[in-house]
Amino acid sequence: MPEKVLIYSRFPKALMARIGQRFDLMDAAGRPPAEVFTAEQLSGVRALITAGGTPLGAAVLDSLPSLRAIVCYGTGYDGVDLAAAAKRKIAVGHSPAANAAAVADLAVTLMLAVTRRLLPADEFVRSGSWSASKPSPLLRPQPGNPGRRVGIYGMGEIGRKIAARVAAFETEVGYFSRSRHDVPYQYLPSLEALAEWCSVLMIAVRASADTHHAVDANILRRLGKDGYVVNISRGSVIDEPALVAALSDNTIAGAGLDVFEKEPHAPDALTAFPNVVLTPHVGGHTIESHIAMQDCVIANLEAFFAGKPLVYPVK
């Protein structure tokens with residue numbers, strides 16, 4: 001009999017198909033497990049799959065007395081109460097770097113879209129304004145990439161891939177992270193220094209207490225009226241009211257956002273700005289990325305049920 005695995009977060013069934021070939025999946029469909037399954041059914045659950053950003057705290061863990069493995073589908077694990085898991089001797093795994101290339105691709109796509117004003121340009125053509133030779137202030141020439149300073153906040157796997165991609169556009173690349181890395185890019189000693197130095201600030205850090213609202217009004221002021229911010233990490237890293245204010249009073253030039261503080265709802269105020277490009281947290285949403293994340297989930301689960309350490313543990 002295949003081992004039972006609880007699906008804690010809400011996932012499209014297609015993403016679980018490969019995993020379901022190896023394990024007996026109990027799908028809570030994003031609802032509290034105790035509302036979907038009986039206490040007896042949950043008592044034997046030893047492993048669950050969750051999206052890293054989904055809150056998973058002590059109360060839920062208490063309803064799963066046999067739980068010994070939490071496997072995150074994706075790189076992030078910020079929703080998991082790691083202290084509560086450690087206290088209960090529950091191993092936590094994830095899918096490190098599985099979607100890094102796809103997320104980096106989207107980061108560059110957002111940078112290009114917002115700096116080259118692709119949305120106003122698209123609307124200019126669709127509305128007939130181009131054929132009617134109407135003037136458009138939004139389509140005034142903008143600075144190009146050669147010589148542009150791109151600052152990357154976070155130099156993990158995604159940050160490195162972003163850096164390599166933007167460097168190919170003849171930009172200058174700088175970064176700030178908790179520690180220096182052996183990379184051919186300029187290191188700035190603080191986020192404040194990075195924001196003052198760059199004209200595009202790329203956010204590629206994990207969500208944590210240290211990074212919560214790290215990009216606040218002060219950082220946005222330092223970025224300046226010709227600066228752009230691009231976020232493909234977690235919405236919590238940006239102080240969204242401060243971002244809305246900075247866009248409203250032209251403190252910064254624009255933003256490209258794939259993540260938001262309260263998903264799936266982007267603040268209504270952000271949707272009104274023509275100099276903001278919004279996508280629905282699809283950075284890692286490619287076929288290749290999903291296959292790689294599923295590989296990590298399967299490897300972690302197979303190792304756990306074989307009595308071995310997780311292949312991709314959260315460190």
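Predicted model: local features only at pLDDT ≥ 70, side-chain atom pairs only at ≥ 80, totals over all residues.
**Strand β3 and its partners**
- Strand β1 (residues 4-7) runs parallel to β3 and is joined to β3 by two bridges, with leucine 6 standing opposite leucine 48.
- Strand β4 (residues 69-72) also runs parallel to β3, the two being joined by four bridges, and here isoleucine 49 stands opposite valine 71.

**The seven-stranded sheet**
- Seven strands form an open sheet with parallel pairing, in the order β8-β7-β6-β9-β10-β11-β12, and its edge strands, β8 (186-187) and β12 (276-278), each pair on one side only.
- Strand β11 (residues 254-257) is joined to β12 by three bridges and runs parallel to β12, with leucine 278 in β12 as the bridge partner of leucine 257.
- Helix α8 (residues 157-167) lies across β6 (149-153), β7 (172-176) and β9 (200-203), and runs at about 175 degrees to β6.

**Serine 289**
- Serine 289, which is found in helix α12 (residues 287-305), counts as buried because its relative accessibility is 4%, which falls under the 20% cut-off.
- The side chain of serine 289 makes a polar contact with the side chain of threonine 286 at 2.9 Å.
- Not counting residues up to four places away in sequence, serine 289 touches Ala98, Asn99, Ala102 and Gly284.

Methods
Residues numbered from 1 in each chain as written. Heavy atoms only, no water. Buried < 20%, exposed > 50% of the residue type's maximum accessible area, 1.4 Å probe, protein only. Polar contact = N/O pair within 3.5 Å; in protein donor to acceptor, adjacent residues only side chain to side chain. Contact = heavy atoms within 4.5 Å. Pairing = 2+ DSSP bridges. Axes fitted to C-alpha atoms, helices over the stretch in contact; angles between N-to-C directions.
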